[in-house]
Amino acid sequence: MGDFFSNLSLGFGVALSLQNLGLAFLGCLVGTLVGVLPGVGPIATIAMLLPITFGLDPVGALIMLAGIYYGAQYGGSTTAILVNIPGEATSVVTALDGHQMARQGRAGVALGIAAIGSFIAGTFATLVIAALGKPLTGLALLFGPTEYFSLMVMGLVFAVVLAHGSILKAVAMILLGILLSTVGTDLETGEERMTFGLPFLADGIDFAVLAMGIFGIAEIMRNLDHTEHRDVVRQAIGRLLPSKEDFRQAAAPIARGTVIGAILGILPGNGAVLGPFAAYTVEKKLAKDPSRFGRGAIEGVAGPESANNAGAQTSFIPLLTLGIPPNAVMALMVGAMTIHGIVPGPQVMTKNPDLFWGMIASMWVGNLMLLIINLPLVGVWVRLLKVPYRLMFPAILMFCCIGIYSINSLPTDVMFIAFFGLVGYALIKLGFEPAPLLLGFVLGKLMEENFRRALIISRGEIMTFVDHPVSAGLLVVALIVLVLALLPTIRKGRDEVFVED
C-alpha cells in the first residue's frame, strides 16, 4: 500500500508540473472539440496530431494524446444529447435517452449527470489502473518471447471478435495490417522485402503516414459523402446541476456503469465500446418500468456515460503493462511511444516510472479539467455545433499535409497519405473496418520479432509455442474464442450487441 501512494505521489508530481498541466488541458480541450464536432473522431485527431508531438518530451506528448482520447469521450456525449448525433461510437446509447431529456427541456441535467458520472468513473478507473499496474507488470516480466507471441495472437483474436461487422472481413484487415508491417528492410538479413525496388519503401511504411491516411484523409472523404442533418435542440438547456431526486436515481447506475465499463475496458479488442451498451442493457433490465427507457430516463444517460469513461481509461492497462494495444487509439499511442524511443511493455514502469505514473495521475487531473471545461462552456460547444462541415474539411486537409511533410520533409509522404486515404475510403465503402488493420500493423512487427526470438531460443522448434504452458493456454483461449464467435447463435448475438435499439 505504501508503494501505491508513493507511486501516485510521484505521478502527481509529474502531472502537476506547469508544462504537463498545460498539455493535459490542451489535450482535453482538443478532445472535447473533436468529440463535439460530429465526424472528426479521436483516432483521426490523434493520427493528425502525431507530428506535433515530435517536438515535445515523451511524457508531455503522451499526456496530451491521452487527454484527447478521454476528452473525446466527454465531448461525444454533448453532441449525442444536444444534436442526437453520437460524436463517438461509445456515445451511441447516450443519444437514446439524453436527446429525449434535451427535448423535454432537461438538456442541462443530462449534460450535468453525464459529466459527473464520467468524473466519478474516471476517478475509479485511475485507482484501478494504479492498483493493477504493478502486479500486472510483475507478471508480464515473467513472459518470454513465446508467451508474448501467443498473447498477441490472443489480442488479435479478441480484436476480430469485438470488431463491428463481418468476422472474415476483420480477419482480412488484420492480415493485411501484418503484411504491410513486413514491408521494408529485414533487420536480421538486410534483405529488402516487398519494396518493389522503390527506394522510399526501404525503411518500411511510416506509421504516421498509414494512420493519417487511413483514418484522417479517409474520414474526411467519408464525411463529405453524407448530407448533414443536425437536429440541434432549440429548447433552453436549463440548469446544469441535477436535483437531489436526479442524483438518487442516477447514483446506482453510475456505480454499476463504472464497474462494467472498467472490466470491459481491460479486454483486448476494443472492449471499451461494449461498456456503454452493456451498462444500458443492465439498467433497462433492472428498471421497474423499462418502458421509460428511450423516453428520457436519467439512468439511460448516467450508466452508459460512466461505463464509457471508465472503459476508455482502463483500456490503457494492457498498453501500459503488457505493451499490447487493445484498440486503434491505443495502437496510435504505441506508435507515439515508439517514435519517442520508448519500447511499450512492462519495462515502461521500471525504465520510465515518470511516464507510467505521470500518465496515470494526469488522467485524474484531466478528468477534473474536463468537468470544468464541459459544464460552464456548454454554450460555446452548442455554437460550435452549428459550424458546417464544408468549412472544416479544407482546414483539416491542409493540417494533415503540413503535419506529415514536417516529419521527414518528404513529398512522397504527402502522396502516400493521399494514397492510403483513398484505400481507407474504399475499404469503408466495401464494409471493411480499418481499425483492425492498424492493430495488425502495430502488432505485426512485435509479433515477428517475438516469433523469431522464440524460434532462435528453441533452435527452430515450432512446438515451443505449445510446450510452454502459459503460451499453450493463451493459444487455447484464442482458439476457443474464435470458434465460439463463428458459431451461428453467438454470431447473431454479437451482431445484435452493436444494434441495441
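Tutor: A helix axis here is a line fitted to C-alpha atoms over the stretch in contact, and angles run between N-to-C directions. The model under discussion is predicted.

Student: At roughly what angle do the axes of helix α4 and helix α16 cross?

Tutor: Two packed helices are described by the angle between their axes and the distance between the axes. Helix α4 covers residues 58-83 and helix α16 covers residues 353-374. Their axes come within 9 Å, and the crossing angle is roughly 35°.

Student: How many nonpolar residues does the contact of α4 with α16 have?

Tutor: On the α4 side, the residues that meet α16 include P58, L62, A66 and Y70. On the α16 side, L355, M359 and L370 are among them. By class, the contact has one charged residue and eight polar ones, while the number of nonpolar residues is 12.

Student: Within what distance do the axes of helix α6 and helix α12 come?

Tutor: Helix α6 spans residues 107-141, and helix α12 spans residues 299-314. The two helices pass in a right-handed crossing. Their axes cross at roughly 35° and come within 7 Å.

Student: How many charged residues are in the contact of α6 with α12?

Tutor: Residues of α6 including A110, G117 and I129 meet residues of α12 including V301, E305 and Q313. The contact divides into 10 nonpolar residues, eight polar residues and, as for charged residues, one.

Student: How many residues of α12 are buried?

Tutor: Helix α12 reaches 22 Å from its first C-alpha to its last, close to the 22 Å expected. The helix is mostly covered, and the count of its buried residues is 16 of 16.

Student: Why does E299 count as buried?

Tutor: E299 lies in helix α12. Leaving aside neighbours within four places in sequence, E299 is in contact with Q249, P253, E283, R292, F293 and P304. Buried means under 20% relative accessible area. E299 therefore counts as buried, as its relative accessibility is 12%.

Student: Is H340 buried or partly exposed?

Tutor: H340 is found in the loop between α14 and α15. Not counting residues up to four places away in sequence, H340 touches T53, F54, L56, P58 and A61. The cut-off for buried is under 20%. Because its relative accessibility is 19%, H340 counts as buried.

Student: Is F393 buried or partly exposed?

Tutor: F393 has its place in helix α18, residues 389-408. Not counting residues up to four places away in sequence, F393 touches I220 and L224. Because its relative accessibility is 22%, F393 counts as partly exposed.

Student: How far apart in space are F393 and D225?

Tutor: In sequence, F393 and D225 are 168 residues apart. In space, from C-alpha to C-alpha, their separation is 12 Å.

Student: How many disulfides does a search of the whole structure find?

Tutor: A disulfide is a covalent bond between the sulfur atoms of two cysteines. One cysteine, C28, is among the buried residues of α2, and its relative accessibility is 0%. Another, C401, counts as partly exposed at 28%. For the whole structure, the number of disulfides found is zero.

How values were computed: Residues are numbered from 1 along each chain as its sequence is written. This is a predicted model: local features need pLDDT of at least 70, side-chain atom pairs count only at pLDDT 80 or more; totals for chains, interfaces and linings use all residues. Side-chain values use heavy atoms; hydrogens and water are left out. Buried means under 20% relative accessible area, exposed over 50%, partly exposed in between (1.4 Å probe, protein chains only). Helices (H or I, at least four residues) and strands (E, at least two) are DSSP runs, numbered from the N terminus. Axes are lines fitted to C-alpha atoms, for helices over the stretch in contact, and angles run from 0 to 180 degrees between N-to-C directions. A crossing is left-handed if the near helix is turned anticlockwise from the far one by less than a right angle, and right-handed if clockwise. Contact means heavy atoms within 4.5 Å. Ala, Val, Leu, Ile, Met, Phe, Trp, Tyr, Cys and Pro count as nonpolar, Asp, Glu, Lys and Arg as charged, and the others, Gly among them, as polar. A disulfide is a pair of cysteine sulfur atoms within 2.5 Å. The expected span of a helix is 1.5 Å times one less than its number of residues.
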